[in-house]
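Student: Hi! Could we go through this structure together?
Tutor: Happy to. Ask away.
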Amino acid sequence: MRLFQGGIAALGIILGLGSAGYAQEKTDISITRQPGILYLASHVMETQKLIEKHAAEDGLKDVTVNWRTFSGGGAQTDALLSGNVDIVNTGTGNLLLLWDRTRGKVKGIITSSAQPVIMVSRDPEIKSLKDIGPSDKIAVPTVGVSTQAILLQMAAGQMYGDGDLKHFDPNTVQLGHPDAMAALANKSHEVASHFSAPPFQYLEMDAGNHIVVNSKDIIGGPLTQATFFTTTAFAEANPVIIKAVREATVQAIDMIKKNPKDALSAYKQVSGDKTDLNTLVKILGQPDMMEFRTDPQGTMKFATHLHKIGTLKTMPAAWTDYYLPESADLKGN
């Protein structure tokens, strides 16, 4: 499975670190994320140095945060398992898989967004998932384990029953969102559909592509898209950093809601996205696009599905099983 390429050797190390300690908290921190405004809070946190600010207020001075962008969640989790990064910011599926594989040694810190993700297509014959044939290709960030790939499995279960949950797996192709958007723009490319994410899904629609399915149609409500998570060893050794990440996330979301245009300027500054700022502001005005929130949404539905197909060996009793004890005050599900 792509998620664990490069990470298996490090798994034993992580499992052995549960009771290990550091002489002092780290001050040089690395955090990952993926492209797109699902991760808008992280862009505000970076440009305003919010983690550094809150860490200093809590007594840990001279913190440096290095933000790294990966095209998909699998590469991020590989980096976490190998010890190359300290914290990742990606989807619920990757958190659940690492929590399970490490026997609880990877857990969530806080979430930052629960916007819908939308599958779009340039093929006029594909109006719904029922129109997907054996040769039709769908771009997803990580085959099998990304939020979009898991949503397709859940949709297959609803359409074809539990015996055919992986009906669409052979259709999926692994592409980062910018590359998938470029593929849709190339009419000769084999990928004609993209289970996308903001802002790409709306830019793709503006280019003439159409909606096939919305994540809300599949899961029946909001779904956490961006979750900060880390190893329990790191969390135990660095409680001030964990607290600072939580406080910075809350402040960043407050800043987004008070002034979305400034937040999107931070996104453009960090990401290099050339999309017109007013176009991005319009995108945040789309239904449910201001669902920046700290409480996990829809995660137990994901866990139930992953356990059903055998990906999760252990079924969590509640969402708090795969989040740190410090996160128990969140109103999650």
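Student: How much space lies in the largest cavity?
Tutor: About 100 Å³. A cavity here is a set of points on a 1 Å grid over the protein atoms alone where a 1.4 Å probe fits but cannot get out, and its volume is the space filled by probe spheres set on the points. This is a predicted model, where local features need pLDDT of at least 70, side-chain atom pairs count only at pLDDT 80 or more, and totals for chains, interfaces and linings use all residues. Residues are numbered from 1 along each chain as its sequence is written, and side-chain values use heavy atoms, with hydrogens and water left out.
Student: Which residues lie nearest the centre of the largest cavity?
Tutor: Gln34, Tyr39, Pro141, Thr147 and Gln148, out of 14 lining residues (those with an atom within 4 Å of a point).
Student: What classes are in that lining?
Tutor: Four nonpolar, 10 polar and no charged residues. Ala, Val, Leu, Ile, Met, Phe, Trp, Tyr, Cys and Pro count as nonpolar, Asp, Glu, Lys and Arg as charged, and the others, Gly among them, as polar.
Student: New topic: at what angle do helices α2 and α11 pack?
Tutor: About 105 degrees, with the axes of α2 (residues 40–47) and α11 (residues 239–258) 9 Å apart. That makes α2 roughly perpendicular to α11 (65 to 115 degrees). Axes are lines fitted to C-alpha atoms over the stretch in contact, and angles run from 0 to 180 degrees between N-to-C directions. Helices are DSSP runs of H or I, at least four residues, numbered from the N terminus.
Student: Which α2 residues make the contact?
Tutor: Leu40, Ala41, Val44 and Met45, where contact means heavy atoms within 4.5 Å. The residues of the α2 and α11 contact divide into 10 nonpolar, one polar and no charged.

Key:
1 Å grid on protein atoms, 1.4 Å probe; cavity = no way out; pocket = protein on both sides within 12 Å on 5 of 7 lines; lining within 4 Å. Helix = DSSP H or I, 4+ residues; strand = E, 2+ residues; numbered from the N terminus. Parallel < 35°, antiparallel > 145°, perpendicular 65-115°, else oblique.
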